[in-house]
Amino acid sequence: MSSASASLLALILFFGVTCSCSHSATHARKVIVLGVDGMDPSFLERHWSDLPNLDRLRQHGDFKRLGTTTPPQSPVAWSTFITGTDPSGHGIFDFVHRDPKTLRPFSSMSKTEQPRFTVPLGPYVFPLSRARVRTLRKGQAFWEILSHRQIRVTVIHMPTNFPPIQAGEAISGMGTPDLRGTLGTFAYYTDDPEELTRSVSGGRIVKVRSESGHFVLPVEGPPNTLRKQQRYATTDLVVDVDPGENVARISVDGELAIVKQGEWSDWLHTDFSLIRGLASSTGMFRVYAKQLHPRLGIYVTPVNIDPRSPELPISSPSSYSREVARQIGPFYTQGIAEDTSAFRQGVFDIHEFLRQSRLVRDDERKLLRYSLTHFNDGLLFFYFSSIDQDSHMLWGKHETELLETYRSIDGAIGEVMNEHRDARIIVMSDHGFNSFDRAVNLNTWLWQHGFLGLQGQPAGDEEPLANVDWSKTQAYALGLNALYLNITGRERNGIVNPGSESDALIRKIGEELVQFRDPANGRQVVEAVAMPHAESAPDMIVGYGRGYRASWQTALGAVPESILEDNTDAWIGDHCINAADVPGVLLSNRKIQIENPELKDLTVTLLNLFGAQAGPGMNGRVIF
Amino acid sequence: MTSIDLGWPAFCSLLLISVLCGIAILIVFRRWSDQRAIQRSKSLIIAYLLEFRLFINEPSLVLRAQRNLVRENLRLIRLLLRPALIVTIPMLILFEPLDALYRYAPIRVGESAIVTIQSNRADDPHLHSPDEILVETPPVHIPREHQLSWRIRALRPVAARVEIVWRDRILQKRVVAGAGGIHFLFTRSRFLFDNDVNWFEIRYPAATVLRLHWLVWFSVLSTSTVLLLNTCTNRFGRE
């Protein structure tokens with residue numbers, strides 16, 4: 001090649017590179033997405049003046065309602081945001097799915113696979129490989145696509161991202177279990193003679209004995225998988241209550257704390273011995289001294305995975321949680337950390353619940369500060385859980401308290417806006433909220449309308465689908481919006497033939513459900529019914545009317561006596577209703593160019609902002 | 001409680017102390033050990049190891065070499081025992097101040113710590129603190145352990161004394177909060193010949209030196225110094 005042609009080639013290459021660089025420069029370099037679970041558009045519209053940062057975002061950019069998924073449940077909606085696909089694409093339709101062969105419910109988000117080979121030795125079992133946790137969500141996450149294009153991504157607490165996708169920097173969110181492997185099991189220790197040791201929904205009440213103000217509280221950690229019996233490994237939390245004052249010293253594994261009545265301890269770290277001196281699991285928890293005199297009442301949070309030495313994968317890369325914890329100290333790692341269960345069980349009153357929720361927010365805020373400080377370019381996603389969890393307990397009855405939670409998130413959003421003025425900022429929520437006044441026992445409705453057979457009468461049994469006569473059952477409900485047909489060849493004892501017979505049955509049930517009126521007030525109980533038509537999908541998704549929701553017993557597949565009941569639970573707000581009634585919010589510091597934006601549009605938009613093509617199955621629109 | 005990293009200043013001082021200790025260890029080993037016997041023992045160990053390779057097809061010779069190897073190792077340990085014991089005494093004396101320097105960090109401003117006293121006295125003392133330290137709780141009596149505990153919180157940086165005050169007696173202990181650098185932080189003061197008080201403790205937050213326990217750095221650095229200096233002096237000695 002002559003020197004002239006070589007020079008020409010070099011020139012062409014130079015311009016080529018220059019042009020490609022200037023092209024990529026038109027794409028966004030800094031995008032921050034703040035995902036606020038459960039932020040409701042109508043609540044914002046009632047309180048713009050109290051939420052100055054959100055109002056500023058609205059006035060200088062845009063505000064719209066954001067179409068959610070059917071059903072409008074958090075795991076479903078966030079999975080759609082993550083993958084840009086409808087639920088039929090990512091395969092998550094409810095908090096719980098069921099195995100058609102066993103008819104047992106299981107978490108729709110992730111599955112733990114035990115080691116394939118083990119060696120038994122006396123009372124012990126030694127695994128030859130590690131247990132694995134895998135996500136049940138299908139499809140490609142948008143930040144995987146961005147990460148492959150060498151765009152820096154940080155994803156903090158994205159729901160259903162457990163175990164976290166190994167792309168960019170991430171800390172897992174909703175779906176991350178406590179050390180017991182549950183979504184959160186609190187413990188409440190008391191020496192009240194009226195109390196008994198028992199399990200309650202989301203926790204345990206433990207009766208303890210006092211030895212002159214000295215208490216030893218057994219804190220349960222992980223199931224001991226190295227033992228054949230797999231009992232929970234425990235550690236002793238020692239509480240010494242002062243004989244005269246409302247103050248106590250607590251100690252665990254050599255760590256000491258002093259709490260006055262009504263106070264919270266800091267995080268306490270402990271090892272749960274699996275084989276004495278050889279193997280242990282590390283966890284951490286906080287203690288709340290509800291009462292010290294005359295009776296003991298000690299609340300212990302679910303034992304969280306310690307981010308400094310995580311027992312399960314909670315971050316990407318795996319060292320990320322250690323690095324963050326080293327900088328900011330320990331933080332809640334449990335997916336849904338606000339303890340609504342303790343409130344529902346009467347362990348917390350409303351003030352105690354709000355206080356605990358604030359502690360979760362404080363940890364979130366520390367994480368947000370860390371993320372903002374380390375964010376220079378690329379994409380930062382940060383998730384806030386408090387509005388959703390607080391709305392469940394406050395909606396419609398405690399507007400002032402809920403506004404405080406909104407104001408706190410508004411403050412965090414203000415911090416983001418002030419620190420990164422040059423970033424494209426998007427604030428979005430997965431759904432809105434509504435009141436939950438009346439609980440619908442959908443299986444009882446199916447039984448009364450002849451679609452479900454029972455051996456005997458409804459008993460309100462909470463065991464999944466107990467006493468169901470499958471030879472006379474055409475349909476059953478399990479989950480918060482799901483309704484399944486008892487299909488031949490799919491269900492264990494199916495009697496409905498797939499095809500025209502099942503289609504006709506779906507139409508019939510759908511028509512009758514939409515005509516279903518509440519005898520107490522004549523209101524429409526079910527507004528809409530959807531048929532998703534996907535492999536793992538329910539056959540029907542029930543969209544309840546405002547004020548109605550599937551009862552807790554329905555979620556577990558139980559068949560109580562009456563079809564409708566007043567909701568007397570502390571859980572008074574919900575969103576698992578007709579999707580049209582609970583849209584989310586979309587705010588941005590740029591004008592939104594399309595009408596009726598939906599969650600899946602945001603996924604495509606984020607990819608577009610960085611010049612990336614939408615992945616397979618993504619069918620959203622670009623909003624800017 | 002999250003440990004606090006003392007960073008590079010602590011590492012540099014620890015490096016200096018470790019190197020000095022390494023030099024001292026080398027001198028002691030040179031002075032109080034039979035260098036010729038040690039050298040002979042090391043040569044024999046190498047020779048027996050070589051026998052393994054040379055006579056790999058002669059099981060009886062390999063077995064004999066193994067037996068000799070064990071015997072020579074024991075002899076080497078015996079030769080090293082005297083200087084090792086001599087080194088151990090100053091090291092044990094040195095351990096406590098080094099532990100006080102590097103194992104704990106001052107209480108961070110805004111954070112709390114627990115003060116505990118183990119006492120056999122029947123009357124209750126008061127805990128007096130400087131203005132920069134707030135005593136947040138009344139004492140927690142733990143009768144079965146003869147202990148009293150308070151929670152204190154650092155409001156501002158300070159290096160002063162807290163006092164346990166009875167009607168007829170005052171006990172003092174240094175407290176450090178919010179200060180940078182490294183400090184002697186003796187968590188527990190013991191009173192061995194005191195009938196009234198057994199010990200007085202302030203629980204400081206744990207510290208690390210560049211993310212590791214100070215003892216790890218000390219072991220690595222002092223051993224490296226010994227090995228390095230030993231190699232160098234041997235080489236220069238031969239030249």
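This is a predicted model: local features need pLDDT of at least 70, side-chain atom pairs count only at pLDDT 80 or more; totals for chains, interfaces and linings use all residues.

Me: What makes S28(A) and S30(A) of chain A a pair?

Reply: The bridge count. Pairing needs at least two bridges. S28(A) and S30(A) have two bridges, so the pair qualifies under that cut-off.

Me: Which sheet of chain A holds S28 and S30, and in what order do its strands run?

Reply: It is an open sheet of four strands, ordered S27-S28-S30-S29 in chain A, with antiparallel pairing.

Me: Why do strand S27 (475-477) and strand S29 (526-530) of chain A stand at the edges?

Reply: Each has a single partner strand, so one side of each has no neighbour in the sheet. On average, neighbouring strands here are turned by 25° against each other, direction ignored.

Me: Which helix lies across S27, S28, S29 and S30 of chain A?

Reply: Helix H13 (residues 500-514) of chain A does, and it runs at about 165° to S29(A). Angles over 145 degrees count as roughly antiparallel, so about 165° falls in that class.

Me: Now the other sheet. What is the order of the five strands in the open sheet of chain A with mixed pairing?

Reply: The order is S12-S13-S11-S21-S20. Strand S12 (198-200) and strand S20 (287-291) of chain A are the edge strands, each pairing on one side only. The twist averages 20° from one strand to the next.

Me: How do you know that S11 and S21 of chain A pair?

Reply: Count the bridges again. Strand S11 (residues 186-190) and strand S21 (residues 297-300) of chain A share four bridges, in the antiparallel sense. At least two are needed, so S11(A) and S21(A) count as paired. One bridge joins Ala187(A) to Val300(A) in S21(A).

Me: On to helices. Why are H10(A) and H11(A) called roughly antiparallel?

Reply: Helix H10 (residues 386-394) and helix H11 (residues 399-419) of chain A have axes that cross at roughly 175° and come within 10 Å. The cut-off is over 145 degrees, so H10(A) and H11(A) are roughly antiparallel. Contact residues include Ile387(A) and Leu394(A) of H10(A), and Leu402(A) and Ile409(A) of H11(A). By class, the residues of this contact are five nonpolar, three polar and two charged.

Me: How many residues does the contact take from chain B and from chain A?

Reply: Chain B gives 13 residues and chain A gives 15 residues. On the chain B side, strand S5 (140-142) and strand S6 (147-154) each give two or more residues. S5(B) gives the most, with three residues. The chain B side has six nonpolar, four polar and three charged residues.

Note on methods
Residues are numbered from 1 along each chain as its sequence is written. Chains are lettered from A and ligands numbered from 1 in the order in which they are written. Axes are lines fitted to C-alpha atoms, for helices over the stretch in contact, and angles run from 0 to 180 degrees between N-to-C directions. Two residues are in contact if their C-beta atoms, placed from the backbone, lie within 7 Å. Ala, Val, Leu, Ile, Met, Phe, Trp, Tyr, Cys and Pro count as nonpolar, Asp, Glu, Lys and Arg as charged, and the others, Gly among them, as polar. Angles under 35 degrees count as roughly parallel, over 145 as roughly antiparallel, 65 to 115 as roughly perpendicular and the rest as oblique.
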